[in-house]
Amino acid sequence: MSPDAPGQRPARPPLLEVTDLFVSYGAIAALKGVTLSVGQGEVVALIGANGAGKTSTLRAVSGLVKPVKGAITFRGAPLTGLKANQVVAKGLAHAPEGRGIFPNLTVQENLDLGAWLRTDGDAIASDLERCFSLFPRLKERRDQLAGTLSGGEQQMLAISRALMSRPALLLLDEPSLGLAPQVTQTIFRILRDVNAAGMSILLVEQNAHLALGLAHWAYVLETGALVLQGTGADLLASEDIRKAYLGE
């Protein structure tokens, strides 16, 4: 497959830029020179098979793993080498694969932790109500222990907790994993609304059809390397992509 697809990428001010990124776990090379970007207000999807390096890319951006080589910049400032809490303070939030909620804390307490670094009390309260309007079930269960929620509700909580830091860029890792189709459709509808309100999203998603349907731009990773990129619509129409990732 060629590394370029025919569609033109709309010009957007750069928000996140990843250049020649290498990540290793011991002797295993997870990323081999990945270069990608996310523009302001853009949804960018990473698709690929298990082990392709998608999660490693998000973990490197959010400061959870240290790259062997390469540069990561956000709003023109370097992120490489910063700890995860410092990355959050810069305006990125990561909802990880497996959700990563605190099961022994209530829904409300989990959301409060999402705003831990903030001091703008009125805006925090406004954002909390915004999360509850996006996910009414969380409001109904605000005093319930997070570990007793259904899988779909836990994913809603993980996304809302990330939103509570009021990020400019939301990193999402497999938001549909293990969820019923109806719940998945609800979450993707809300992600579309969140993006329409101006938030940029870098999305890793096993459901390539949904991911490409949401994405303005997408990258395909294979064994740690970028092999294809293009608009979501172009990749959805690609025969190679449909065979490899859409089961056609």
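**Salt bridges and helix packing**

Modeller: The count of salt bridges comes to 10 under the rule that a side-chain nitrogen of Lys or Arg lies within 4 Å of a carboxyl oxygen of Asp or Glu. This is a predicted model, in which local features need pLDDT of at least 70 and side-chain atom pairs count only at pLDDT 80 or more, while totals for chains, interfaces and linings use all residues. Residues are numbered from 1 along each chain as its sequence is written, and side-chain values use heavy atoms, with hydrogens and water left out.

Biologist: What makes Glu42 and Arg9 a salt bridge?

Modeller: Their closest N and O atoms are 2.8 Å apart, and the rule asks for a nitrogen within 4 Å of a carboxyl oxygen, so the pair qualifies. Glu42 lies in the loop between β2 (28-39) and β3 (43-47) and Arg9 in the segment before β1 (14-25), so the pair ties together parts that are 33 residues apart in sequence. Strands here are DSSP runs of E with at least two residues, and helices are runs of H or I with at least four, numbered from the N terminus.

Biologist: Why is Glu42 called buried, and why is Arg9 called partly exposed?

Modeller: Buried means under 20% relative accessible area, exposed over 50%, and partly exposed in between (1.4 Å probe, protein chains only). Glu42 has 1%, so Glu42 is buried; Arg9 has 24%, so Arg9 is partly exposed.

Biologist: How do you know that Lys69 and Asp20 form a salt bridge?

Modeller: The N to O distance is 3.5 Å, which meets the rule. The pair links distant parts of the chain, with Lys69 in strand β4 (residues 69-74) and Asp20 in strand β1, 49 residues apart. Lys69, at 47%, counts as partly exposed, and so does Asp20, at 30%.

Biologist: Why are α6 and α7 called roughly parallel?

Modeller: Helix α6 (residues 151-163) and helix α7 (residues 181-196) pack at an angle of about 15°, with axes 10 Å apart. Angles under 35 degrees count as roughly parallel, over 145 as roughly antiparallel, 65 to 115 as roughly perpendicular and the rest as oblique; α6 and α7 are therefore roughly parallel. Axes are lines fitted to C-alpha atoms, for helices over the stretch in contact, and angles run from 0 to 180 degrees between N-to-C directions.
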